[in-house]
Amino acid sequence: MWNHHVDRRTLLRLLALSTGAIAASPAIALGQDNQVVATTTAGRIRGRIVEGIRIFKGVRYGADTATRRFLPPIASQPWTGVRDAFEFGPMAPQPSTGGRPIGEDCLHLNVWTPGLRDGAKRAVMVWFHGGAYSSGTSNEIETDGARLSRRGDVVVVTVNHRLNAFGYLYLAEYGGAELADSGNAGMLDLVLALQWVRDNITEFGGDPGNVTIFGHSGGGAKSAVLMAMPLAHGLFHRVATHSGQQITASRQATASRNARALMTALNLSPERVNDLRTLPMEQLIKVSRAPEYLGPVKDGRSLPRDPFDPDAPPLSAAIPMILGNTHDETRVLIGRGDPSLFSLTWESLPARLEANSPFMGPLDRREVIAAYRKWHPEYSPVDVFFSATTDSRSWRGQ
């Protein structure tokens, strides 16, 4: 059993399992004998038992955001009776859906646990999905938590939350005090989800005093941002990120400029900012990529400082953190979109590094190549390209 006194080796083992072993169990015909009911602060929910794991999907942790677009989330209203928690809730609005349902009523989470109301005080692992801050979902077969829950005897929680313009469009300059938190609405969703965990996870056999947040890519970045958010303080106790680093957040001026770009794409003047709140969801999705970037904003409120600049946030000084990256990460991040990179020569390499490595800043690319050839004389031009771009983009931030 992985109890409150988890050691580093055990945590590393479980995180390794989560990468390759969070996968769906075989489909099983389920009847009423396989059903189980849990009681949350908002009402009772009915889940299923599959191979000994209690599974609750699409559990509402926040109210529908359609009527609160760009505003901080609020907890869901209590209900009577028992609600089924058999299927994932809608994905957050985003351009590419793979045919799956999306909607602004997206504040749902999923729980996998070996036991209910058994006082086991299992460690809790809360997963945030990747996709930067613009896309993605926890409704994936790859992030089904059954195997991790079973192997580690832990409670696994995965979360959906607002993304892109719905979660990170900073409108304070144009909308005033009411929209002051709009640039971090998606992060405030995650805070609300963690509050749900604190208030409910004992029912699911978990320990609210032993919560690890973890994720890859954007999910890792979100975990880093939460470390600098006062509202999240005390809601988690360990952090693990893979291939996701968030050193700084957007400045207010930059975030306002990006919001202006989105409004321009809609032919809206800043004076008509409130039109964004009632615009059909589909129209806002279409222009969600108009800004150069949408992500957390250093707004002096929910995020008062940069996550890890100029130092680690003192707020989270007592929280252990594991960080990692894939060794040659840009072979996928850059290479899958440009097969010609796998045919680079020493002659063509400098120009491609100039074009594809903005994180190197003003460094002379020929000097960079010379350094890598000295350190690794066995490297080919392709090896140097992907090592240098990985190191400057990912490992430096990590």
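Reader: Is strand 6 (residues 122-128) largely enclosed or exposed, and why?
Author: Strand 6 is largely enclosed by the rest of the structure, because seven of its seven residues are buried, buried meaning under 20% relative accessible area, exposed over 50% and partly exposed in between (1.4 Å probe, protein chains only). Strands (E, at least two residues) and helices (H or I, at least four) are DSSP runs numbered from the N terminus. This is a predicted model, in which local features need pLDDT of at least 70 and side-chain atom pairs pLDDT 80 or more, while totals for chains, interfaces and linings use all residues. Residues are numbered from 1 along each chain, and side-chain values use heavy atoms, without hydrogens or water.

Reader: Which strand is joined to strand 6 by six bridges?
Author: That is strand 8 (residues 206-216), which runs parallel to strand 6; pairing requires at least two DSSP bridges. Val124 stands opposite Val211 there. Five bridges also join strand 6 to strand 7 (residues 155-159), again in parallel.

Reader: Now the rings: how many aromatic pairs are there?
Author: The structure holds seven, counting Phe, Tyr and Trp (six-membered ring) with centres within 6.5 Å; planes under 30 degrees apart are stacked, over 60 edge-to-face and the rest tilted. One of them, Trp196 with Phe204, is tilted, at 5.8 Å and 40 degrees. Trp196 and Phe204 are both buried.

Reader: Which residues form a cluster through ring pairs?
Author: Phe56, Trp196 and Phe204 are linked in that way.
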